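I am opening a new notebook page for this model. I want the overall layout, then the charged pairs.

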Amino acid sequence: SEAHPRASRRISTGLVALGLIATGIVAVVVGSYSHPHTDLEVVVVILGGALIVAGALGLVIEAWDAGPAAVALSVASVTMVSLLLIRDFDLFSGIRVYVVSFLVACVLGLVALLVRTPSRATALVLGAIATIAFIAGSVSVLGTDVDMDVVELHDQAAAAILAGDNPYTTGNVAVMEDRPGDDLELIEEYTYPPVTLAWYTLAYAVFGDSRWAGAIGIALAIALLAVAATSSEGVRRVAIAAIAVVVANPVSLVMVSLGWNEAVAFPAFVLALMLWRRVPIASAIALGIAIATKQYLVIGIPLLFAIPDRDAWKRGSFVAGTVVATYLPFVLWDAEGLVRGTFIHHLTRMPRPDGLTLGGIGIEIPGVIALLVGAGVGVVVGFRRSGAGPVLLANAAAVASFTLLAARGFRNSWWLVVCLAGVALVARPVDGRHRSSWQRTSIVDTGAQAQVPDVPADTHIES
């Protein structure tokens, strides 16, 4: 019959798309974990990012199922560890902190690959082990001081705000920019958004080291995924495999060590996914907080209005409103300093030779073009299907496209792309044209109202 070939084509498209994403994840991680980067590594990362974008486009066209998604992510995690072992054995023998993480990632990846229906207890135990292993690794890397402008900025900004001073006011922080070459520049305003300031100030006040914000952020994301794994039998394999991808990536601990703030955006993205249908307003606020942690993540707002959901405008408005609200106190305090630190500083940066972008191999593209292309790719990926999964996948594609073209893009941006692409597969897509995602329902999708015949019931978190 005609239906059977059509179903076969859809299955083939979905499997190919998952394969592209898995291959892209491996390429990005293997190409980006070390520093400085060779031209070959830059090219590998660029190709990996392009594969993730292509895979995202394929998945929103034909959707995906829990089993193949779990297999793709688990194979990616185990392959990552294997290639890193082959390429750089010193990563295991010289930096012992990675050994436990890699072993845990391999166990999780193999369970997701080989065990068709892991029990709820198994999912919780594996999630707890992964969380503890990551915290232990973070304790190890945080025991070493680093000479990094980002860390110094977080520490000085936290000290300023705790003393009652505005870190966005010129002169309240003073850090020399860390970049290759002798042409250094003094940074005199805090250059990250207020949400990031809040995270890192809290960590500085409690632990005396602002970098704990990143450690807690990633550990929280892993723990949330472990909780998600208990929601239904189908979702467990995918959630376990997604945790494996995060833990297997050696850049996860680098994010903590160097103070990169995508680490605190990640748990908010995961929370938004988990609450998408259960508590829509809370989900929208969490997504707004995630986007508000990093300036370039604003490219994820337009796609929220493009998803085929009757109430897309409500979610998009709540997200945009949340982003604006996080800036408002500092707009009232010192608008000029805030704009100069968080926007003008970044818009006037020149390309760096150590970037993992087209600019890193000598192809310079204006920043405005990169932002527009990133937002456009997000809309193209997002307008086909609604739900948390497609939205996070569209954000991954948008950030990948932007980073490919940006004048300055590094391991931190690619780390977030990998995390979003993996976690997005935990939540299945739905056809929002026939219902609203703003109506509260259980976190577990029974499939009773699902409009996508290729995705069986009881397999993914309701998105």
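What share of the 463 residues in the protein chain is buried? I looked it up: buried residues make up 59%. I note that this is a predicted model.

**Entry: overall layout**

I went through the secondary structure next. The protein chain has 18 helices and 2 strands. Then I checked the contacts between residues at least 6 apart in sequence. Of these, 78% join residues at least 24 apart. I also looked up the accessible surface. For the protein chain it comes to about 17200 Å². Carbon and sulfur atoms hold 65% of that area.

**Entry: salt bridges**

How many salt bridges does the structure hold? I found 5. I took some of them one by one.

**Entry: Arg408 and Glu177**

I started with Arg408 and Glu177. Their side chains meet in a salt bridge, at 2.9 Å from N to O. I then asked where each partner lies. Arg408 is in the loop between helix H17 (388-405) and helix H18 (411-424). Glu177 is in the loop between strand S1 (175-176) and strand S2 (186-187). The partners are 231 residues apart in sequence, so the pair ties together separate parts of the chain. Arg408 is partly exposed, with a relative accessible area of 22%. Glu177 is buried, at 3%.

**Entry: Glu262 and Lys294**

My next pair was Glu262 and Lys294. They form a salt bridge, and their closest N and O atoms are 3.5 Å apart. This pair also links distant parts of the chain, 32 residues apart. Glu262 belongs to helix H12 (residues 262-274). Lys294 sits in the loop between helix H13 (280-292) and helix H14 (302-306). Buried or exposed? I looked up Glu262 and found it buried, with a relative accessible area of 0%. Lys294 counts as buried as well, at 9% relative accessibility.

**Entry: Glu336 and Arg340**

I turned to a pair within one helix. The side chains of Glu336 and Arg340 meet in a salt bridge, 3.0 Å from N to O. Both residues are in helix H15 (residues 312-347). They are 4 residues apart there, so about one helical turn separates them. Glu336 is exposed, with a relative accessible area of 55%. Arg340 counts as partly exposed, at 27% relative accessibility.

Technical notes:
Residues are numbered from 1 along each chain as its sequence is written. This is a predicted model: local features need pLDDT of at least 70, side-chain atom pairs count only at pLDDT 80 or more; totals for chains, interfaces and linings use all residues. Side-chain values use heavy atoms; hydrogens and water are left out. Buried means under 20% relative accessible area, exposed over 50%, partly exposed in between (1.4 Å probe, protein chains only). Contact means heavy atoms within 4.5 Å. Accessible areas come from the Shrake-Rupley method with a 1.4 Å probe; for residues, only the protein chains shown count as cover. A salt bridge is a side-chain nitrogen of Lys or Arg within 4 Å of a carboxyl oxygen of Asp or Glu.
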